[in-house]
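Please open the model in your viewer and keep the selection panel at hand. The stops below go from one selection to the next, with a short account of what is found at each.

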Amino acid sequence: MRVRNKPWADEYIKEHADYIVTEPEKYIGKWQDRFAKSQPLNVEIGSGKGQFIIETARRNPDINFIGIELQKTVIAIALKKYMETPLPNLQFLLTDGANVDELFQPNEIEKLYLNFSDPWPKKRHAKRRLTSPNFLKTYQVVLQNEGQIEFKTDNRGLFEYSLVSFNNYPLEFDYVSLDLHQSEENEDNVETEYEQKFSAKGPIYKLVAHFKKV
Ligand code: SAM
């Protein structure tokens with residue numbers, strides 16, 4: 001999803017600097033300073049227009065959340081939605097989440113969410129998939145022991161690739177669904193924008209896994 005730059009985005013982001021970080025290097029090791037309370041930290045990479053992270057933060061006041069998104073206009077749209085009812089436990093971060101191990105300290109994150117990540121279907125682009133081993137390596141650094149990765153997609157190819165990638169790394173699976181919306185787990189499911197858009201066309205796949213203890 002590429003969204004054309006909107007001229008208002010820059011100014012809007014500057015005006016709401018209490019809720020969005022644009023210079024992550026200032027907060028490495030100090031992310032808790034951005035929140036009202038120090039509590040477990042959950043992060044979504046590729047939070048898009050924010051529907052999932054805003055609702056998940058609203059339902060979980062005892063967890064701090066950061067939504068990372070690399071497109072300025074997309075995160076500005078998320079921020080606009082968020083400013084209707086801001087929360088003390090959600091911050092947005094405008095940056096490339098490709099190197100989370102350079103944004104967070106080791107063991108700083110309790111859970112990582114990857115929702116409808118770009119599938120990069122061409123084989124030669126496999127390394128760009130957010131579930132490829134080079135990314136898993138960075139997640140392993142920032143996730144606490146037993147910390148989980150929760151991944152949802154409508155893309156069968158990306159799901160199969162991710163199952164193999166997680167299994168080979170190795171991660172241990174906590175949950176796998178080939179049709180989330182028909183499962184019991186769906187009761188607590190928070191839908192993303194992409195999920196709402198694409199679930200009519202086919203199943204939503206989900207997997208939850210954690211790194212094996214060393
Ligand atoms: N998660 C949202 C949803 O499910 O509706 C958006 C899905 S959209 C297909 C993928 C989003 O991830 C895009 O907004 C894209 O800009 C963002 N993205 C891709 N790679 C990223 C990265 N390395 N760091 C941060 N955001 C990224």
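A residue is called buried here when its relative accessible area is under 20%, and Lys111, with a relative accessible area of 15%, is therefore buried. Keep in mind throughout that this is a predicted model.

**First stop: a charged network**

Lys206 is buried, its relative accessible area being 7%.

Which residue forms a salt bridge with Lys206 at 3.6 Å between the closest N and O atoms? Select Glu185, which is that partner. Because Glu185 lies in the loop between β7 and α6 (193-198) while Lys206 is in strand β8, the pair ties together parts that are 21 residues apart in sequence. Glu185 counts as partly exposed, at 35% relative accessibility. Show the four residues together, and you have one network, in which Lys111, Glu150, Glu185 and Lys206 are joined by salt bridges that share partners. The structure as a whole holds ten salt bridges.

**Second stop: strand β2**

Select Asn42, which has its place in strand β2 and counts as buried, at 2% relative accessibility. If residues up to four places away in sequence are left aside, Asn42 touches Ile63, Asn64, Phe65, Ile66, Glu110, Lys111 and Tyr113, so that list includes the Lys111 of the previous stop.

In soluble globular proteins, nonpolar side chains tend to be buried together. To look at this here, select Val43, Ile45, Ile66, Ile68, Phe104, Tyr139 and Ile149, the residues with the most contacts inside the largest nonpolar core, which has 32 residues. The elements that give two or more residues to this core are β2, β3 (64-69), β5, α4, β6, α5 and β8. Centre the view on Ile45, which, not counting residues up to four places away in sequence, touches Ile68, Gly97, Val100, Leu112, Tyr113, Leu114, Leu130 and Tyr139.

Select residues 133-142, which make up helix α4, and pick out its buried residues: Phe135, Leu136, Thr138, Tyr139 and Val142. Seen down the axis of α4, these fall within an arc of 160°, so they line one face of the helix. An α-helix has 3.6 residues a turn, so residues three or four places apart point the same way. To see what covers the buried residues of α4, display among others β2 (41-45), β5 (109-115), β6 (143-153), α5 (156-168), β7 (171-177) and β8 (205-211).

**Last stop: the surface**

Finally, switch to a surface view and select Phe173, Val176 and Leu178, which form a nonpolar patch with about 250 Å² of accessible area together. Of these, Val176 lies in strand β7 and counts as partly exposed, at 41% relative accessibility.

How values were computed. Residues numbered from 1 in each chain as written. Predicted model: local features only at pLDDT ≥ 70, side-chain atom pairs only at ≥ 80, totals over all residues. Heavy atoms only, no water. Buried < 20%, exposed > 50% of the residue type's maximum accessible area, 1.4 Å probe, protein only. Helix = DSSP H or I, 4+ residues; strand = E, 2+ residues; numbered from the N terminus. Arc of directions from axis to C-beta. Contact = heavy atoms within 4.5 Å. Patch = residues over 30% accessible without salt bridge, like charges linked within 9 Å, V, L, I, M, F, W, Y side chains within 5 Å. Areas by Shrake-Rupley, 256 points an atom, 1.4 Å probe, with all protein chains shown as cover. Salt bridge = Lys/Arg side-chain N within 4 Å of Asp/Glu carboxyl O. Core = buried A, V, L, I, M, F, W, Y, C linked by side-chain atoms within 4.5 Å.
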